[in-house]
Amino acid sequence: MQRKAQTTTATDTIKPPITSVGVIGWMRSNLFNGWFNTFLTLLVLYLLWKTVPPFVRWALVDSLWISDGAACQKSDGACWSVITANLRFITFGFFPHDLQWRPLLAMLILIAMLFYSRNRKHWKKSLAYSWGVALIIMGLLMKGGLFGLAPVESSQWGGLPLTLLLSVFGLTAAYPLGVVLALGRRSRMPAIKMLCVIYIELIRGVPLISLLFMSSVVFPLFLPEGITVNKILRAQVAIILFTAAYIAEVVRGGLQAIPKGQYEAAESLGLNYVQTMRLIVLPQALKIMIPPTVSVLISAFKDTSLVVIIALYDLLKTTQSVLSDPQWMGFSAEAYIFIAFIYFICCFFMSDYSRRLEKELET
Amino acid sequence: MPTIWQNSGLQHEQVKILCKSQRDHERQAMKTDSDHPNTQEVIPFWNDPSKRDFFFQLGVLAMVGCLGYYLITNTIANLERQAIATGFGFLERESAFEIGESLISYSAADSYGRALIVGVLNTLKVSFIGIVLTVLLGTFIGVARLSANWLVAKLAAGFIEVLQDIPILLQLFFWYAFFYEMLPSPRQALNPITGVFLSNRGLVFGIPAAHPAHIYMAIAFAVACILVYFLIRQARKRQALTGLVFPVGRVSLAILIGLPLLVWGIHGFPTAMNMPELGGFNFEGGMNLSPEFAALLIGLVLYTAAFVAEIVRAGIQAISQGQTEAALSLGLKKGQVLHLVILPQSLRVIIPPLTSQMLNLTKNSSLAVAIGFPDFVSVAGTTINQTGQAIEGVALIMIIYLCFSLLTSALMNWYNKKMALVER
């Protein structure tokens, strides 16, 4: 026994064969293990060979980046000029040309705030206040009329700022409403419960577009004569009402996940309903709900693009109106790919963040 | 009186959220009061939870009622002032607009009611075909996502990530532009496979020419389905009684394929195809999918399939490896493991979110209005524009979609009850 141990220590450690480690080993175990996987790999490689080089040629090699529409019509490749030549209109819509620094600044503030809020160490009360201040400043920058800023009619808002405005304000307002609805749905008062259930199920059962139709054609009929509400606000309200119902369901899931003992402990401490919810239940429930909430936020962000249908000039609509210009007709693919890229970046960051948060909170 | 109410001057909103604990505490307080008759007081009604609940609910209902009354009176006044008709009488009137494609015969001389039915049928058509294709594609991609092949798994992951993160409306616009701008005219139509033509007039493909045999084959297939149903029941009964296993899978497959084939053979194997041919500016014959329909279908299927793939992946991963090992060690064959152990468990995880994705697809099909496919919302929109009766139109849209979703959730509840784990 003793001798055997000695001999093993004495011999050199045998290296694994070259075919099972390194690049070759990796390829063998991940791409060519078995005839079926080999076949799949070869098939996929063939398809990629057929599609990727022509796409790269179209998008990068043969493409035009800065030119006019006429030059594009002659070329075979992608015409990215449709973006570069109309970037300001696509981004800002009909916002007065000289004042476009204002929406730009507002967007930068928003992005800075979002990046600052990413870190969980910064989640304090002061952050909530600074969000409030930032939202007011952003609104002021868009609307103007104070501190020597020239007023800009909301009908001139458009492009990316409008998309972000609809999503950010929509989500901020929908969240509290959703929490109230979820609490109402779990209330023991039958009338309140019934109202909340009807509201949530009604909204979740219909497509957003029907609510947008409602806001654009039916809502004006509800108001007394002489009172009008502007179009953006109406669409915003429709988005808020729609998102709130979905958030309510997420919150309900979170509330149901809190063990009954927590409620009972709070009760035995003599806390009343508001205190129980505010101090015990909601802080725990909201933590559980972060990942599903983010996915609601992502879909709400994507859904803001539906305002195109009621003719608001959001990012998608400004792009379409560029494409209806005879000079730039026929370059939809390039323009849509660009817009898709913007949406993808935003959504990808959000979902990536939610995944990271989920991991952090799991511990 | 020692009251526990910190905020007895509770505001209206705060009162609404009142819970059981308070009620219990209240009772406690009442008891202690009754122990000391000297200090006994009449509980004011705002401190009596049951009464307070009642008044609070009454208040909320009254507020909702008032709001409703206010809106209705406003609306009636507005309708009168603008001389807009009310009621659903317009359904009977002549619609005077054409619809591009419909499953039932329709012309501009027909009524609005019929136009709306055409719209509903179109919505159902695109949703049904879309759901079938989505489930197939989604399952395929979900399985590919878990493939041992690195390349395949990464490609599937990329597909899922990219398509989930782009708004469906943008995807629909893209596919619509794909058909109208990027594809050639019918004369230079792309012809990837024999009998399939892609052009800016849509997707055309050959179908078997009409023959009476097809109807009989469909009947034969239906009969085969019924036979298989009874076969499965019989086999189960026999297995329960005697323990003998009947090869249900192979026999039912043979019946399902064999019976229609037999009928086909009796009619002498009619193989004539109705192939599309270029005539004038468009194709004639074959099955023609309009660019709008094709764009809508492709967009919806790809978008929803990305979500379905994630659901399928989660469902497969939810079943631990131990289940497979345990089943194998019991001596079950691979097919039996899948059929008797894995699928019943993962379907329980997969089906509920899958249904909600199907419902999403149906709701998203309403975006057809943006690319001009005459679905229900699009037809209702035209109706609203022509008649001016926005309230009725939007109400119809909401009712129809609510019916879809209520029907689905009823089915879902039935399924959940059937599949729920029976716990002691």
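Modeller: Let's start with a rule: a charge sits over a ring if NZ of Lys or CZ of Arg is within 6 Å of the ring centre and within 35 degrees of the ring normal. Keep in mind that this model is predicted.

Colleague: Okay, which ring does the charged end of A:Arg204 sit over?

Modeller: That's the ring of A:Tyr246, with the charged end 5.4 Å from the ring's centre. In chain B, the charged end of B:Lys125 sits over the ring of B:Phe293, 4.6 Å from its centre.

Colleague: And how is a pair of aromatic rings described?

Modeller: By the distance of the centres and the angle of the planes. Over all chains, the count here comes to 15 aromatic pairs. Take A:Phe219 and A:Phe222: their ring centres are 6.4 Å apart and their planes stand at 80°, so this pair is edge-to-face. The two residues are 3 apart in helix H10 of chain A, about one helical turn.

Colleague: Is A:Phe222 buried or exposed?

Modeller: A:Phe222 is buried, with a relative accessible area of 17%, while A:Phe219 is partly exposed at 30%.

Colleague: Back to A:Tyr246: why is its pair with A:Phe242 called tilted?

Modeller: The planes of A:Phe242 and A:Tyr246 are at 45° and the ring centres 5.0 Å apart, so the pair counts as tilted. These two are 4 residues apart in helix H11 of chain A, again about one helical turn. A:Phe242 is buried, at 9% relative accessible area, and A:Tyr246 is partly exposed, at 21%.

Colleague: Which residues form one aromatic cluster in chain B?

Modeller: B:Phe174, B:Trp175, B:Phe178 and B:Phe179 do.

Key:
Residues are numbered from 1 along each chain as its sequence is written. Chains are lettered from A and ligands numbered from 1 in the order in which they are written. This is a predicted model: local features need pLDDT of at least 70, side-chain atom pairs count only at pLDDT 80 or more; totals for chains, interfaces and linings use all residues. Side-chain values use heavy atoms; hydrogens and water are left out. Rings of Phe, Tyr and Trp (its six-membered ring) pair if their centres lie within 6.5 Å; planes under 30 degrees apart count as stacked, over 60 as edge-to-face and the rest as tilted. Buried means under 20% relative accessible area, exposed over 50%, partly exposed in between (1.4 Å probe, protein chains only).
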